[in-house]
Amino acid sequence: MKVDVLVLGAGIVGVCTAVHLQMRGRSVALVDRKPPGTETSFGNGGLIQREGIYPYAFPRELGSIVKYAGNRAPDVRYHASMLPRLAPFLYRYWRHSHPARHAAIAARYATLIEHCVTEHHSLATTAGAQGLIRPSGWIKVFRRAAMRDAELRLAQRWHREFGVGFEPLDGDALHRLEPALSSALAGGLRYTDAESVSDPHALVAAYARHFEDLGGRILVGDATTLEPGWHVHSDHGLIEARSAVVALGPWSDVVTRKLGYRLPLAVKRGYHMHYEADANARLNHPVLDAENGFLIAPMSRGIRLTTGAEFAHRDSPATPDQLAAVEPLARGLIPLGARVDATPWMGCRPCTPDMMPIIGPAPRYSDLWFAFGHAHHGLTLGPVTGRLIAEMITGSEPFIDPSPFGVERLL
């Protein structure tokens, strides 16, 4: 089989890249070992984070570092055996999280984030998936007034710098929006420009069906067989292409290392579980417990509880200790019924030390492209990245300056 472009990886980024290339007249084969949206894109909070200008930084305050060093915090855990291997990455992550560097990163990152809602709407409309996206925003809730006020000052700054929309909520206003939440909360902050998804897997699957409707091919194959040429082995035999895009999320380094790149990539693992809503409790928005780092979100399968970050080897056995730690806290936040899933789901977020994705051409090879490293914002930035990569491959004028996201910055 011969096509114009091979896209390796059928998560949200790979699927959106394949759609945009097919829309622009290229013949595309989308190759993965599993069906679209069944790996990292399957489990997340379902947020399209228009407010997410500042990517999640490494804590620099001594109190926070001491807290996390104890490895019992509800929002961040780590495997001690991984620390020697992670140390170089964590040091670079810590350096890039300096307030001045973080602000400079945000200025570049904002050029991607500002398009996330409109690009999702554009794809969802053509894919007939508008019903999966909710324009309600999401809410961060606080147990202490001091933390609520600090977050409000931050939101005001983001509004001045980047036009981020928000609504402060005192206890009464929060209760009107979310009557089932605990009355002991000190209030909340609703990010009004963000949107959410009722079933992230269903959204990726809808985009993938649209890709097939446009004439694209989805094939089961082994991305690690990619060879310059470009060709890869699949269940339909050898597929040859003029160009190849690596969009394998946390598995991207398996392919890039084989091609001679030594990229500073790590993963933040996360877990989720679905619950029945107890009695008549209803959740109207995704809600983040700011002090404990977990998110509860209304999903088609029930109320989804998602954890923070676990630093561990990508392929190590699941250790859902965080989920066990935050479940009682979540039950105190909203009445939750029985668990719906037989076992907790685990996924891996692919991360770079400067908190920005890798988007653009690969040096040393002709017609090889990278689209991975989106950390917490894969769902948010999938359509933006897909359009940007497609425009570069087809020689169109990119709608965003791609230069800040090139891989050269990390080599």
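This is a predicted model: local features need pLDDT of at least 70, side-chain atom pairs count only at pLDDT 80 or more; totals for chains, interfaces and linings use all residues.
1. Helix H1 covers residues 12-23, which makes 12 residues. From its first C-alpha to its last it reaches 16 Å, close to the 16 Å expected at 1.5 Å a residue.

2. Is H1 enclosed or open to the outside? Of its 12 residues, 11 are buried, so the helix is largely enclosed by the rest of the structure. Buried here means under 20% relative accessible area. The buried residues run through Ile12, Val13, Gly14, Val15, Cys16, Thr17, Ala18, Val19, His20, Leu21 and Gln22.

3. Just after H1 comes Gly25, with a positive phi of about 90°.

4. The UniProt record, an unreviewed entry, lists residues 4-392 as "domain: FAD dependent oxidoreductase". In the model this span is 35% helix and 28% strand.

5. How many residues of domain 1 are in contact with domain 2? There are 26, and they meet 23 residues of domain 2. The area buried between the domains is about 2,200 Å². Carbon and sulfur atoms give 67% of that area.

6. Across the interface of domain 1 and domain 2 there is 1 salt bridge by the rule used. Separately listed is a salt bridge between the side chains of Asp253 and Arg314, at 3.2 Å from N to O.

Conventions:
Residues are numbered from 1 along each chain as its sequence is written. Side-chain values use heavy atoms; hydrogens and water are left out. Helices (H or I, at least four residues) and strands (E, at least two) are DSSP runs, numbered from the N terminus. The expected span of a helix is 1.5 Å times one less than its number of residues. Buried means under 20% relative accessible area, exposed over 50%, partly exposed in between (1.4 Å probe, protein chains only). UniProt positions are given in the numbering used here, feature names are shortened, and annotations may be inferred rather than shown by experiment. Contact means heavy atoms within 4.5 Å. Buried area is the accessible area (1.4 Å probe) that two parts lose on being put together, summed over both. A salt bridge is a side-chain nitrogen of Lys or Arg within 4 Å of a carboxyl oxygen of Asp or Glu.
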